[in-house]
Amino acid sequence: MRSTGPVRRIGRLLMATTATAAAGAVTALSLAASPAAAAPTGTTAARPGDACTAADLGTRHPYVKTTEVSPTITHFKGWYVTEGTTGQQTVSTDTTTVISVSVGLNDTIETSFAVEALSNVKATVGLDVKLEYTSTSEESNSVTWNLTQPGYYGFYKGTKKVTGTYGSLNCNRAQQDDGSWALEWTEGPGSGSFTTFTTLEEGAVRCQDGVPADSIMAKAQALLDCGSAAAQADHPAGAVAKTAQQKPDRPALHPTPTTSTPAEQPTATAHSTRAALDCSAEAYKIAVPGKPLSWGAPLLADDGVRLRPSSIFSAHLDNWRLCNVTEQDGVLEASLWNWGNGGCATIAEQNASTERAVLMTVPCAEDDLQRFYVYRDVPGSSKIGVQNKYTGSMMGYDRYADGEFIRQYSSGRQDGTGTFDLTAV
């Protein structure tokens, strides 16, 4: 651990020292705005530049950037009906296209961030789309339809496939045109793409049927390849051999969803030897605003960071230094080194995609799991929100209690318990 001259400039990024008569008194870090924290604002409709409050510093929300809706045939079977074979028919179709629900690279849809992203998609496109992981290959392929005329039919199932991109919004301070500061929702890390779909519909269509343009039925009619000789020829009643257009566009079986790698993030490096860090000379407490408990690092390697009271017996386990600090677009990025146990805060790699995974400390390394974004209130306030760079999740806790773990939450804690005070000691 070393402190260099350039690193001392971190103090100018992080804190404005307030004179005090008491020697050794805690000085407030100028990380954000001072208005009293209000209840979190409604966030499903938040857009970049919208106002937020100090209580939102520990939260994160998706917003929809682009959408595209395309009618898609998922199951199809060509079927010939002759005189005497009309009436109700039940046909087992073949899978032609598999659509799976996903947000980013993670298709398990187990986190609040992914569910909120799909809910925003539903509101944006005005369609009743799937909000949980599912795949069209899980649907029954049987289609039952009453046929009144002989002819060449396409039995189909189809849906409206909805794709697009989303961004991630975090609350952070922003300087206004008049030089003042305010809290705004700003685009942060964690953008990606999504796929979902509407309820499947089924039916049967002939070449000569009039159908709405760009409808699911029109897509099925196109698969009949009505102009081909095969489509115009007479056939015995029953299934018709597939045309080239009717062959699957990819395998029907969807791979088992993986939870080993979190969405939209680069592969984390393995923990190795301790990295050489340039750390601030100042140590900080990461505390619950207005209350005595703060982040306390563990003495045991298999324990996690917990809310603990500060005392003469804390052995500096409640003191943190910010290391290798950078700043981009007003957001700090740093490693959090603990003075008491010499480790760096991290989310364990095997738990990176797990909601409510516990914050740990490990030997410091060059690893994005050990890097954190710090979102700040306006100058004059020490309130911050903390986000893990690799997982994109915000740090918070389930309840205010001595010994309660600090955990990660994909969207943060909506009750404001993800907002902390960063104060120099």
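This report describes the disulfides in a predicted model.

A search of the whole structure finds 4 disulfides. When the bonded cysteines of the chain are numbered in sequence order, they pair as 1-2, 3-4, 5-6 and 7-8.

| Cysteines | S to S distance |
|---|---|
| C52 and C171 | 2.1 Å |
| C207 and C226 | 2.0 Å |
| C344 and C364 | 2.0 Å |

**C52 and C171.** The sulfur atoms of C52 and C171 form a disulfide, and this link is right-handed, with 85° about the S-S bond. C52 sits in the loop between β1 (27–28) and β2 (60–81), while C171 belongs to strand β7 (residues 151–175), so the pair ties together parts 119 residues apart in sequence. C52 has a relative accessibility of 9% and counts as buried. C171 is buried as well, at a relative accessible area of 0%.

**C207 and C226.** The torsion about the S-S bond of C207 and C226 is about -95°, so this disulfide is left-handed. The pair links distant parts of the chain, 19 residues apart: C207 is in the loop between β9 (201–206) and α3 (216–223), and C226 is in the loop between α3 and α4 (229–232). C207 counts as partly exposed, at 25% relative accessibility. C226 also counts as partly exposed, at 25% relative accessibility.

**C344 and C364.** The link of C344 and C364 is right-handed, with 95° about the S-S bond.

Key: Residues numbered from 1 in each chain as written. Predicted model: local features only at pLDDT ≥ 70, side-chain atom pairs only at ≥ 80, totals over all residues. Heavy atoms only, no water. Disulfide = S-S within 2.5 Å. Helix = DSSP H or I, 4+ residues; strand = E, 2+ residues; numbered from the N terminus. Buried < 20%, exposed > 50% of the residue type's maximum accessible area, 1.4 Å probe, protein only.
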